[in-house]
Amino acid sequence: MSGDVAKVSGSGNGTVQYGPGTKSFDQAFNANQLTRMDEALTLSSRETGLVFSVYVGELHAPTRAHAEALFERLTDDAVLLAISPGQRTLHIVTGPESSKRLPNRACALAALAMRAAFANGDLTGGIVTGLRMLADSAGRI
Amino acid sequence: MNGWLTFLVYACIPAGIIALVILGVYGKSLLRQPSRYRPGRPWTYEPAWYVPHPDAIVHQSGLPSGSTTAVGGASGEW
């Protein structure tokens, strides 16, 4: 299951780097948390045929514009979950194709569940819940 | 000799019991690293972006033409 999730290092403004990330980030999540996120990301993308991606890090103000700028580098059928734990902000961004299967109401519901988990300090649980809810809403291919 | 015995009984044994209780309460969390995120605390880690496969990213930064536009979604704060 694990291994096919690529990690992009950097804030999204510089060059994109693939492969194992820097050590400083890996400390943010332990191996168990990374495995759970990896599994949720892979399964939801495989089940729905959409490309789910998760960004965890600082978002420049205005945060929504930064999340949408990050989304511009993805495909039409992508769904971006941008989470900034420091700013306590999350954004779900859908594209021209993915928005047909994920209406804003479904995204708002997933965002609500994620907020509840994040407010309890459960970052991984919130991301996994959000991915599962979005995948359930989008349905299978 | 009598003084040492008094010290052992009235100081060392209670101190030992208190130490055992403290170890029982906090020992597990001292050994295991707690969940690192606490709401309200600053996030000092480097930003990271997870995609299911490397092909998911098509447009490199600094290319305005052909970029995917965001259509919808949701936002939230906690």
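These legends accompany close-up views of a predicted model.

**View 1. Overall make-up of chain A.** Chain A holds 6 helices and 4 strands. Read from the N terminus, its elements follow the order β-α-α-β-α-β-β-α-α-α. Of its 141 residues, 48% are buried. Take the contacts in chain A between residues at least 6 apart in sequence: 56% of them join residues at least 24 apart.

**View 2. The largest nonpolar core.** This core has 44 residues. A:Tyr55, A:Leu80, A:Ala82 and A:Leu134 touch the most other members. At least two core residues come from each of α2 (31–48), β2 (51–56), α3 (63–71), β3 (78–84), β4 (89–94), α5 (104–119) and α6 (123–138) of chain A, and likewise from β1 (48–51) of chain B. The most, 7 residues, come from α6(A).

**View 3. Surroundings of A:Tyr55.** Neighbours within four places in sequence are left aside here. Within chain A, A:Tyr55 contacts A:Leu70, A:Leu80, A:Leu81, A:Ala82 and A:Ile83. From chain B, B:Pro47 and B:Trp49 are also in contact with A:Tyr55.

**View 4. Packing of α2(A) against α6(A).** The two helix axes lie 9 Å apart, at an angle of about 10°. Angles under 35 degrees count as roughly parallel, so α2(A) is roughly parallel to α6(A). On α2(A), the contact is made by A:Gln33, A:Arg36, A:Met37, A:Ala40, A:Leu41, A:Ser44, A:Glu47 and A:Thr48. On α6(A), the contact residues are A:Thr124, A:Ile127, A:Val128, A:Leu131, A:Arg132, A:Leu134, A:Ala135 and A:Ala138. The residues of this contact comprise 9 nonpolar, 4 polar and 3 charged.

Conventions: Residues are numbered from 1 along each chain as its sequence is written. Chains are lettered from A and ligands numbered from 1 in the order in which they are written. This is a predicted model: local features need pLDDT of at least 70, side-chain atom pairs count only at pLDDT 80 or more; totals for chains, interfaces and linings use all residues. A nonpolar core is a set of buried Ala, Val, Leu, Ile, Met, Phe, Trp, Tyr and Cys residues joined through C-beta atoms within 7 Å. A residue is buried if 20 or more other C-beta atoms lie within 10 Å of its own, exposed if 12 or fewer, and partly exposed in between; C-beta atoms are placed from the backbone. Two residues are in contact if their C-beta atoms, placed from the backbone, lie within 7 Å. Axes are lines fitted to C-alpha atoms, for helices over the stretch in contact, and angles run from 0 to 180 degrees between N-to-C directions. Angles under 35 degrees count as roughly parallel, over 145 as roughly antiparallel, 65 to 115 as roughly perpendicular and the rest as oblique. Ala, Val, Leu, Ile, Met, Phe, Trp, Tyr, Cys and Pro count as nonpolar, Asp, Glu, Lys and Arg as charged, and the others, Gly among them, as polar.
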